[in-house]
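Visitor: Could you walk me through this one? I'd like to begin with a helix and then move on to the ligand.

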Amino acid sequence: MHIHRTIAEIRQFVGQCRAAGQTVGLVPTMGYFHEGHLTLMREAKQKCDVVVVTLYVNPLQFGPKEDLAQYPRDFERDCTMARDVGVDAIFTPLDQEMYPQGFSTFVEVTGLTDILCGQSRPGHFRGVTTVVTKLFNIVAPDQAFFGQKDAQQALVIQRMVRDLNMNLEVVILPTVREHDGLAMSSRNVYLTEEQRRDALVLYRSLCAFRAAVQQGERDAGKLRGMMTDMITTVPGAQPDYVEILAVPDLQPLETLQGGIIAALAVRFGKTRLIDNVIMEV
Ligand code: AMP
């Protein structure tokens, strides 16, 4: 597995693969890998000849009071895990490589980014779409792989690729969960034992949502109230948002119809976790 720190190096690597007629899959990540990341890498390896993983904790998508400095990192472990699933190259640039002095160009998807995580984390999606555009331009992949765990991010990236005619396919893969249902996340390591137990309320409330919809409930207000009640009965859980929206446009709904997402963000102490379920009714 090749490890590249500069744009020139990764371009040269990808250029050689292309010259040999190989297709290229890209998996953008911020590292501290878990089974969610590895699933994206394995799927990329199935679908493409060569897999490039980018490992970059992008400062542009963190707010001034967020966890950029504390974000978990373990480069050696990540390299071993990526190598073991057959990743061909890791691109792990320094900040000055990505954002040199005078950097002043940003990519922004409007509308979709004003709500949910965009509301609680102003500027977050502008940071995501800017770095992802740069990674697409640097690697020029045939396919790029993202997780439904970050559902709004996936919808925003799909919209950006469509609107700006980016020449690649975006592949979205289902959320990978721990045995008890907690969505895997690099941020789960921040949780105390008690918070880890409390955090199960995200999955429990999404399961209750799904069951109620399957039994015929279509009233978004009632379903939202039910999930909010479940979350607020856990003393350590502070809901940031509990929303039921139409997909892919993320428009508000009164009555469930067509494609819908139930999306949650909940704080446990300083740790903010997100989860969602997407259904067709
Ligand atoms: P991150 O390193 O957290 O930025 O995540 C990198 C990619 O992995 C993103 O496309 C995420 O949506 C995806 N991802 C993170 N957690 C999971 C999970 N539990 N299941 C599936 N994909 C995930």
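Visitor: What covers the buried residues of H2?

Guide: This is a predicted model, in which local features need pLDDT of at least 70 and side-chain atom pairs count only at pLDDT 80 or more, while totals for chains, interfaces and linings use all residues. Residues are numbered from 1 along each chain as its sequence is written, and side-chain values use heavy atoms, with hydrogens and water left out. The cover of the buried residues of H2 includes E2, strand E3 (50-55), helix H3 (75-84), E5 and strand E6 (169-173), where contact means heavy atoms within 4.5 Å; helices (H or I, at least four residues) and strands (E, at least two) are DSSP runs, numbered from the N terminus.

Visitor: And which residues in H2 are buried?

Guide: They are Gly36, His37, Leu38, Leu40, Met41 and Ala44, buried meaning under 20% relative accessible area with a 1.4 Å probe and protein chains only.

Visitor: Switching to the ligand, how many residues surround it, and which are the closest?

Guide: The ligand is surrounded by 18 residues, the closest being Met30, His37, Asp150, Val176 and Met184; a residue counts as near if one of its heavy atoms lies within 4 Å.

Visitor: Which element gives the largest share of that shell?

Guide: H2 does, with three residues.

Visitor: What about backbone atoms, say at valine 176?

Guide: A polar backbone atom of valine 176 is 2.8 Å from a nitrogen atom of the ligand, and for methionine 184 a polar backbone atom is 2.9 Å from a ligand nitrogen. On the oxygen side, a backbone N or O atom of methionine 30 lies 2.9 Å from an oxygen atom of the ligand.

Methods
Polar contact = N/O pair within 3.5 Å; in protein donor to acceptor, adjacent residues only side chain to side chain. Buried < 20%, exposed > 50% of the residue type's maximum accessible area, 1.4 Å probe, protein only.
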